[in-house]
Amino acid sequence: MTVRRAATGMLIEHAADLVSALIPEPDKHHIRRALLSAQAYLHSLGVTAWQDAAVGQALGMPDSFEHYLALESDGLLTASVTGALWWRRDLGLEQLELFRERRARAVGRFRATAVKIMVDGVCENLTAAMTRPYKGHPHEVGMSLIEPEELARITRAADAEGFDLHLHAVGDQAVRDCINALDLPRREGWDPRHQIAHLDLVDPADVARFAASGAIANIQPLWARQDPVLVETKLPYLDEAHQRVHFAFETLRRAGVELAIGSDWPVSSPDPLWGIHTAVNRTAPPADPHARDARSQNEPLLPAESITLVTALAAHTTGAARANRLDAGRGAIRVGLAADLVVLDADPHAVEATGLGGIGVELTLAEGRVVYSRIHDGALPTLLAQ
């Protein structure tokens with residue numbers, strides 16, 4: 001008799017490693033070509049620097065650390081990259097020794113000065129850590145991937161070693177745990193750039209404490225619209241009170257929290273203009289293929305939580321540079337700073353707010369070197385061929 005077996009469930013969070021661990025790793029040439037292709041694509045969107053928030057054995061992907069070093073050594077890394085070293089929950093504080101060694105080796109355009117810690121999951125599969133149960137699931141409050149006491153122990157140790165912390169927190173309980181864990185002793189000469197990323201839900205009671213902590217809010221504004229993914233797979237699990245604090249960017253800004261805009265690519269598009277469009281309008285940019293329905297385009301998600309164009313541009317430039325510890329040389333147009341410049345085909349201040357997502361990139365320069373040109377696009381194939 002033949003027994004047929006079929007998968008009938010879903011592996012969530014780290015359980016997915018049971019499958020991803022069986023996938024053969026790509027060879028080094030494939031990985032380096034992929035990094036160069038990603039760099040070229042980001043340059044075409046006007047991005048000259050970024051933080052890679054998963055450097056290490058993470059999420060079923062190969063460790064990119066040595067590959068970044070190789071590209072830097074070969075003169076092929078034209079962007080400035082901050083590596084966030086992936087914190088493995090199956091190891092302890094001893095991994096800080098590896099992190100120190102990696103930080104010492106990464107001294108060029110690629111630097112490894114941050115540590116990435118996953119604190120919870122996401123709302124769509126009920127793994128984001130919540131202060132109260134999900135709607136329709138009275139016994140489910142999500143997953144705290146690291147217990148609060150252990151998280152505080154890790155953040156104290158990493159901070160003492162001079163690492164910036166990048167904490168993934170989606171649910172309001174996870175955000176609260178991160179704020180508590182970042183209640184760290186201040187010391188002379190240390191200017192930390194700790195950040196809490198995603199922040200889908202922040203309890204209003206924690207906003208002032210967030211600001212007092214000095215942590216940076218790493219926000220992904222492209223998510224803050226009523227697209228089919230949010231409406232169909234997330235909102236049904238959030239009660240009314242949680243829905244009222246959904247991606248509360250303006251509330252955080254008004255309280256004095258520093259904002260830095262990121263994309264979480266490849267989860268969502270890394271196009272800065274699309275992110276800025278959504279941050280300002282709280283609706284989707286017209287060209288986004290994942291949100292072309294009428295609701296996504298026309299019904300703002302909590303319009304009172306929109307931020308101004310000036311705030312959004314600053315969060316994507318000076319704010320992001322500060323979060324990546326690049327602000328001494330980048331992130332603004334000023335004498336003495338590196339010429340990381342982007343030429344757009346329209347002035348964001350002159351177009352209607354609803355047209356922000358349609359602005360394109362004409363030219364991108366990194367340290368004064370043309371790394372993308374829409375008209376003379378010969379730089380990219382040349383770069384990839386090297």
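How many cavities of 30 Å³ or more does a search of the whole structure find? The search finds three. The model is predicted; local features need pLDDT of at least 70, side-chain atom pairs count only at pLDDT 80 or more, and totals for chains, interfaces and linings use all residues. Residues are numbered from 1 along each chain as its sequence is written, and side-chain values use heavy atoms, with hydrogens and water left out.

**View 1. The largest nonpolar core, with 81 residues.** A nonpolar core is a set of buried Ala, Val, Leu, Ile, Met, Phe, Trp, Tyr and Cys residues joined through side-chain atoms within 4.5 Å; buried means under 20% relative accessible area with a 1.4 Å probe, protein chains only. F110, I117, I196, L199 and F210 have the most contacts inside this core. Helix 6 (residues 172-181) gives the most to it, five residues. Helices (H or I, at least four residues) and strands (E, at least two) are DSSP runs, numbered from the N terminus.

**View 2. Surroundings of F210.** Neighbours within four places in sequence are left aside; the contacts (heavy atoms within 4.5 Å) of F210 include V175, I179, I196, L199 and L252.

**View 3. Packing of helix 5 (residues 148-160).** Its buried residues are L151, A152, I154, T155, A157, A158 and D159. They pack against helix 4 (95-105), strand 3 (110-118), strand 4 (164-169) and helix 6. G162, with a positive phi near 85 degrees, follows helix 5.

Methods
Buried < 20%, exposed > 50% of the residue type's maximum accessible area, 1.4 Å probe, protein only. Expected span 1.5 Å × (residues − 1). 1 Å grid on protein atoms, 1.4 Å probe; cavity = no way out; pocket = protein on both sides within 12 Å on 5 of 7 lines; lining within 4 Å. Points joined across faces, edges and corners; volume = space filled by probe spheres on them.
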